[in-house]
Amino acid sequence: MAGWLPDRRGFSAGLAAAAFGAPAARAQMIDFGGEATRVPRSSAPASPQQGYEPPATLSSVVDIYKRMTGPVRVQGTGPYPFVVDTGANQSVVSAEIVQKLGLKPGDPQPLNGVAGVQLTPTVTASLQFGGRPAHEATLSVLPASAIGGPGMLGLDQLDGARLTLDFARQQVTIDEGPALPGGGDAFHMRAERRDGQLTLVDADLAGIKVTAFLDSGAQDTIGNMALRALAITRYPLTPIQHVPIVSVTGQTIAAEFADLPDLRIGGVTLPNWPVAFADLHIFRMWDLTNAPAILIGIDVLSRFETVCLDFRNDRVGFRLPADRA
């Protein structure tokens, strides 16, 4: 199966797990401390507090983004810190590990990047992670510098799994430990499946209903051009910053960043949130070019202490930091 692979070298976007039918509760405004704006302006550093303090600057988001990996054994060796990417259909191993283990290259397969599709080499190898037994898997092969580490687990390896993103402890667990560790309030949402991913439909941005995906492999949150058209019409004076997105395949695509109010996920609303807009290849793959859609990245997910994506029961859980509950 062809995979969707976001770029992990700087700005990236992928696909997400989302939820459907949250309880009909009034959304609460949560002040997570500081602004995550991408539009340049002066800001003071966040004051240290007890418990989990969500990142308040771009550099701290990037730091957490780089650390969120899970241990994976390849051919019985390792474990290696693999990126766990709910925005990728296809799992990937680095060319460096392939060379180290002497794995035999297989037939090239198409790999979908943010700007298009490109053929990449593949290998077959034994993988073992979480509480799951070792099993054979076909993996695309890319340089470690493109993946952001020695490998990446995509949705092809997460079917039926319970994935917990623990931002307080900066770790990823699969089928192990509590689903939502932490001391703050928690809420759960049912999810719909879309091409293997969980789709969050109880979400909106600036009052605009969106189809949303949770993407643990994306540093930033990005909306499609249909969402941009509606958002800019409602907020015509919003400053915009132009940035390029570089695909792991080396292709580039233009994007625009804008600070927009009230990104709501279920019963929680995040004030004044920066969102990028781009005409990504992945939106065309999912036939989401005309309806507003958004990919929710680590910049938003790390506002919560823990996030659980339950692919077995089609549910998504969120736990607020204890001092924000």
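Arg162 stands opposite Asp310 of strand S25 in this predicted model. The two strands involved are S10 (residues 162-166) and S25 (residues 306-310), which pair in the antiparallel sense over five bridges. Strands here are DSSP runs (E, at least two residues), numbered from the N terminus. Two strands pair if DSSP finds at least two bridges between them. Strands of a sheet pair through backbone hydrogen bonds, either parallel or antiparallel.

S10 and S25 belong to an open sheet of five strands, in the order S11-S10-S25-S26-S12, with antiparallel pairing. Strands S11 (171-174) and S12 (186-190) stand at the edges; each has a single partner strand, so one side of each lacks a neighbour in the sheet. From one strand to the next, the twist averages 15 degrees. Angles run from 0 to 180 degrees between N-to-C directions, with axes taken as lines fitted to C-alpha atoms.

Strand S20 (residues 252-260) is mostly covered, with seven of its nine residues buried. Buried means under 20% relative accessible area (1.4 Å probe, protein chains only). S20 pairs with strand S23 (residues 273-277) in the antiparallel sense, over five bridges. Glu256 stands opposite Phe277 in S23.

Thr211 lies in strand S17 (residues 211-214). Thr211 counts as buried because its relative accessibility is 19%. Beyond its neighbours within four places in sequence, Thr211 is in contact (heavy atoms within 4.5 Å) with Thr199, Leu200, Pro292, Ala293 and Ile294.

Residues are numbered from 1 along each chain as its sequence is written, and side-chain values use heavy atoms, leaving out hydrogens and water. Local features need pLDDT of at least 70, and side-chain atom pairs count only at pLDDT 80 or more, whereas totals for chains, interfaces and linings use all residues.

Conventions:
Helices (H or I, at least four residues) and strands (E, at least two) are DSSP runs, numbered from the N terminus. Buried means under 20% relative accessible area, exposed over 50%, partly exposed in between (1.4 Å probe, protein chains only).
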